[in-house]
Amino acid sequence: MDAKHILYLLRKSPYSNSNAVEALDSALVAGVFEQNVSVLFKDDGVWQLLDGQRGAAIERRTIGNVMQALPQYDIEQLFACEVSLAERGLQLEDLALTVKPLSLDEQRKLIARQDAVVND
Amino acid sequence: MATLHVVNNQKALQSCLDVAADDDSVLLIEDGVYGATTNVARALLVLAPDVEARGLKERIPPTAESIDYDQFVALIETHKPIVTWC
């Protein structure tokens, strides 16, 4: 069976509920099954990328640690909405993970080439 | 195939519109239908039962096309990918 193009569109802040971490776990599973996985952080989802998180302070898993596993699962197409980053005053050096900033037009093209889009 | 964007709240609508291509379909469901009550500069679809439930029938402009559940299913069959904005 051919690998599917699956985009994880992550738009939720990291600790309001467990959606974000569950979506990331699901992305790791898709990576294990050698699907063509990409991840786009958008809107409040870009807060998931911020360096220096410590979920243990509120007895939660640190989402930054989960994310650092992504490249080890062959998930290397990691993107962030450049508008969402700028709106929140986030620079690339503030982030725990190397991501490629995408313009709105680039995001439009990314979505168009997917077989499925999964949300957090 | 064009993309179907399904929007279930008004706050997510702008993020969707920012990246929706001109030939994509944008369907408002649940609380997303409130998004059709203000002018939006593109064609929108709304799920009729959600509009009716919220008393919005007279507030949705004629430019927004009302669809039923069967038509919703047909849209899913004729679009790829389906993107949910929630």
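The predicted model scores an ipTM of 0.84 and a pTM of 0.91. For chain B, the average pLDDT is 95, and 100% of the residues score at least 70.

At the interface, 14 residues of chain A are in contact with eleven residues of chain B. On the side of chain B that touches chain A, the elements giving two or more residues are helix α1 (10-19) and strand β5 (82-85) of chain B. By class, this side of chain B consists of six nonpolar, three polar and two charged residues.

The largest nonpolar core comprises 53 residues, and those with the most contacts inside this core are A:Ala27, A:Val39, A:Phe41, B:Leu28 and B:Val46. The element that gives the most to the core is helix α1 (residues 19-32) of chain A, with six residues. When residues up to four places away in sequence are not counted, A:Ala27 touches A:Tyr8, A:Val37, A:Val39, A:Leu70 and A:Ile75.

A further site examined in chain B is B:Leu56, which is placed in the loop between α2 (48-53) and β4 (65-67) of that chain. B:Leu56 counts as partly exposed because it has 15 C-beta neighbours inside 10 Å, whereas 20 or more would be required for a buried residue and 12 or fewer for an exposed one. Leaving out residues up to four places away in sequence, B:Leu56 touches B:Val33, B:Thr37 and B:Val51. Between B:Leu56 and B:Gln14, the separation is 42 residues in sequence and 20 Å in space, taken from C-alpha to C-alpha.

Methods:
Residues are numbered from 1 along each chain as its sequence is written. Chains are lettered from A and ligands numbered from 1 in the order in which they are written. This is a predicted model: local features need pLDDT of at least 70, side-chain atom pairs count only at pLDDT 80 or more; totals for chains, interfaces and linings use all residues. Two residues are in contact if their C-beta atoms, placed from the backbone, lie within 7 Å. Helices (H or I, at least four residues) and strands (E, at least two) are DSSP runs, numbered from the N terminus. Ala, Val, Leu, Ile, Met, Phe, Trp, Tyr, Cys and Pro count as nonpolar, Asp, Glu, Lys and Arg as charged, and the others, Gly among them, as polar. pLDDT is the predictor's confidence in each residue, from 0 to 100. A nonpolar core is a set of buried Ala, Val, Leu, Ile, Met, Phe, Trp, Tyr and Cys residues joined through C-beta atoms within 7 Å.
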